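Q: Please go through the pocket and the helix packing of the model shown here.

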Amino acid sequence: MAAAERSPRPHQLDLEHLRTALNGVVDLAIERFGARLDVDAVASYNDYYWHLPVDTAYAMDDDPGLHIDVGQSSDDLQELAEMIDQPHEQVLQHSVQHLVGLLNLVAFLDDPRPGRRRPPGTTPTPLPVPPEDPEDPEDPEDTEAAND
C-alpha cells in the first residue's frame, strides 16, 4: 500500500484498511489450510479456550486474572453461521468477540513454535516456501547442468 493511501494520522483506525488486512489474513489461512478447517478435530480435543472480556482487556488499572472466563469454539462457529444467515441481526461487539475467538483458533493451529500442545494427529503448518526459480544459479542441479 502506498504511503499516500495510509491514514493521515498513525493513531486512527481506517476500517477499510482493517477490512483489507482481514481479507488478506483469511486468504493466507485458505492457502495454508484450504477453504474449510476441521474444527471438530480441535473441539474433540478441547472446545474451550481462555477468554478475556474486552472491557477487562482495556482496563489497565484492574487485575485481569479476576475476569478471565471461557470461550467455546463450537459456540463461535454457531454465531458465525447466524452472522451469515442473519447479517442484519448482529450486535457489533458480540459478533466481533466471536470472530476474534475464531481468528485466535486459526492462529493457534498455525503457530509453528515447537512444544505447543495440539490436538492429537495435528501438526503445525510450516510457513509457505516460495517456489524455486528454475533459472536460479543457486540450485545445485542447475549448476551441475551448466558445468556439463
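Q: What volume does the largest pocket have?
A: This is a predicted model, in which local features need pLDDT of at least 70, side-chain atom pairs count only at pLDDT 80 or more, and totals for chains, interfaces and linings use all residues. Residues are numbered from 1 along each chain as its sequence is written, and side-chain values use heavy atoms, with hydrogens and water left out. A pocket is an open set of points on a 1 Å grid where a 1.4 Å probe fits, with protein on both sides within 12 Å along at least five of seven lines. For the largest pocket the volume is about 1100 Å³.

Q: Which residues are the closest to the centre of the largest pocket?
A: Lining residues have an atom within 4 Å of a point. The largest pocket is lined by 29 residues, and the closest to its centre are Leu22, Val26, Leu80, Leu99 and Leu103.

Q: Which helix supplies the largest share of the lining of the largest pocket?
A: Helices are DSSP runs (H or I, at least four residues) numbered from the N terminus. H1, H4 (73-85) and H5 each supply at least two residues of the lining. The largest share, 11 residues, comes from H1.

Q: How are H1 and H5 oriented to each other?
A: Helix H1 (residues 15-33) and helix H5 (residues 92-110) have axes (lines fitted to C-alpha atoms over the stretch in contact) that lie 12 Å apart at an angle of about 45°. Angles under 35 degrees count as roughly parallel, over 145 as roughly antiparallel, 65 to 115 as roughly perpendicular and the rest as oblique. That angle therefore makes H1, relative to H5, oblique.

Q: Which residues of H5 meet H1?
A: Contact means heavy atoms within 4.5 Å. From H1 come Leu22, Ala29, Arg32 and Phe33, and they meet, in H5, Leu103, Val106, Leu109 and Asp110.

Q: At what angle do H4 and H5 cross?
A: H4 and H5 are oblique to each other. Their axes come within 9 Å, and the crossing angle is roughly 125°.

Methods
Axes fitted to C-alpha atoms, helices over the stretch in contact; angles between N-to-C directions. Points joined across faces, edges and corners; volume = space filled by probe spheres on them.
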